[in-house]
Amino acid sequence: MASEERQPAAVPSDVATRLLITRVLLAVWGGGTSIYLVTLVVAPPPPSGLAPDWLIVGCGYGMFAGFLLHRRNLPTWAIDLNGYVGVFCASVGVAASGNPTTSYSLFYLWVTVLSCHFLPLRRAVPQIGLVPLGYLAALRATGGAMPWVRWVLLSVTVAVVGFSVAFLRRQTEGLLAIVAAQARSDSLTGLLNRRAFEADLDAEVSRSARTGQPLALLVADLDHFKRINDRWGHPAGDKVLKAVAEVIRTQCRRL
């Protein structure tokens, strides 16, 4: 009999998530900095000169290079650093433009969405809180009357967008957890299904081989179960299976 084709090993969820975050940040910093560089080329030079703009370009491509070098092992602090550097670059861009109505303020929304989607809320809130402060300093640096309405609108927008993204992320994670649990359990008894059993068995066999600890496997069968279905029907058989599953569940410790 032909041997069963082995499936490639799945990437652990935390590793896959970190790889996804790295790719997104590479695209954001590479694409965003390139867009900013194009605006420098086609637009007339700002009154303050190009030094602040070249600082933004250097920071942007520096972040891109850093994420590229550590794309296979991105440290946790680098994801937090992304938000703080993003607020700094957006603030410098607004201030260097000399125009309080500049579109560079939209980069604050990039920071908000990324931070609230990729970070826990307790770590994203400080970054969101820096946006109004950075935008206030940038608007004051442009000179002229302070456009308070514009500052209030952007600050409120950032807060609403940030908390909306964080809420949707929590809802999505909850739904994914339910789906993952349902994919591993039998819908009738709530016990692990065949897929989950095989995965856990492989893990225990590997652990036993690694640690040298003995491994035991208990196989049980329900005698005369077919007679229950034939005599009282399948609904009665389902009740028996649920009762047996509950006994097994109460007699087994949690892993």
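Where is Asp-80 placed? The points below start from that residue and then move to other parts of this predicted model.

1. Asp-80. This residue has its place in helix H3, which covers residues 76-97. Its relative accessibility is 14%, so Asp-80 counts as buried. Setting aside residues up to four places away in sequence, Asp-80 touches Leu-119, Arg-123 and Gln-127. Leu-119 is 39 residues from Asp-80 along the chain, and the C-alpha atoms of the two are separated by 7.8 Å. With Arg-123 there is a polar contact: the side chains of Asp-80 and Arg-123 are joined at 2.6 Å.

2. Gln-127. One of the residues touched by Asp-80 is Gln-127, and Gln-127 lies in helix H5. Is Gln-127 buried or exposed? Gln-127 has a relative accessible area of 1%, under the 20% limit, and is therefore buried. Apart from neighbours within four places in sequence, Gln-127 is in contact with Asp-80, Gly-83, Tyr-84, Val-87, Ser-115 and Leu-119.

3. Aromatic pairs. How many aromatic pairs does the model hold? The count is five. In one of them, the ring centres of Phe-107 and Trp-110 are 5.1 Å apart and the planes stand at 80°, so this pair is edge-to-face. Phe-107 and Trp-110 are three residues apart in helix H4 (residues 107-118), which means that about one helical turn separates them. Trp-110 has a relative accessible area of 37% and is partly exposed.

4. A pair between two helices. Tyr-108 and Tyr-135 also form an edge-to-face aromatic pair, with 5.5 Å from centre to centre and 70° between the planes. This pair links distant parts of the chain, since Tyr-108 is in helix H4 and Tyr-135 is in helix H5 (residues 121-141), 27 residues apart. Tyr-108 is buried, at a relative accessible area of 0%. Tyr-135 is likewise buried, with a value of 0%.

5. The ring cluster. Which residues do ring pairs link into a cluster? They are Tyr-36, Tyr-104, Phe-107 and Trp-110. The edge-to-face pair of Phe-107 and Trp-110 thus involves two residues of this cluster.

6. Cysteines. The whole structure contains zero disulfides. For Cys-89, the nearest cysteine sulfur belongs to Cys-59 and is 4.5 Å away; Cys-89 is in no disulfide. Cys-89 is buried, with a relative accessible area of 10%. Cys-116 is in no disulfide either, and its nearest cysteine sulfur, that of Cys-89, is 18 Å away. Cys-116 has a relative accessible area of 1% and is buried.

7. Salt bridges. Side chains of opposite charge can pair when their charged atoms come close. A search of the whole structure gives seven salt bridges. One of them joins Arg-169 and Glu-173, at 3.0 Å from N to O. These two residues are four residues apart in helix H6 (residues 148-184), so about one helical turn lies between them. Glu-173 is partly exposed, at 43% relative accessible area.

8. The side chains of Lys-226 and Asp-230 form a salt bridge of 2.7 Å, N to O. Both residues lie in helix H8, four residues apart, or about one turn of the helix. Lys-226 is exposed at 59% relative accessible area, and Asp-230 counts as exposed at 55%. Glu-246 and Arg-249 also meet in a salt bridge, again with 2.7 Å from N to O. They are three residues apart in helix H9 (residues 234-251), which puts about one helical turn between them. Glu-246 is partly exposed at 39%, and Arg-249 is partly exposed at 36%.

9. His-224. Where is His-224 found? His-224 is in the loop between helix H7 (194-211) and helix H8 (225-232). Its phi is near 55°, a positive value in a residue other than glycine. His-224 is exposed, with a relative accessible area of 51%.

How values were computed:
Residues numbered from 1 in each chain as written. Heavy atoms only, no water. Phe/Tyr/Trp six-rings, centres within 6.5 Å; stacked < 30°, edge-to-face > 60°. Buried < 20%, exposed > 50% of the residue type's maximum accessible area, 1.4 Å probe, protein only. Disulfide = S-S within 2.5 Å. Contact = heavy atoms within 4.5 Å. Polar contact = N/O pair within 3.5 Å; in protein donor to acceptor, adjacent residues only side chain to side chain. Salt bridge = Lys/Arg side-chain N within 4 Å of Asp/Glu carboxyl O.
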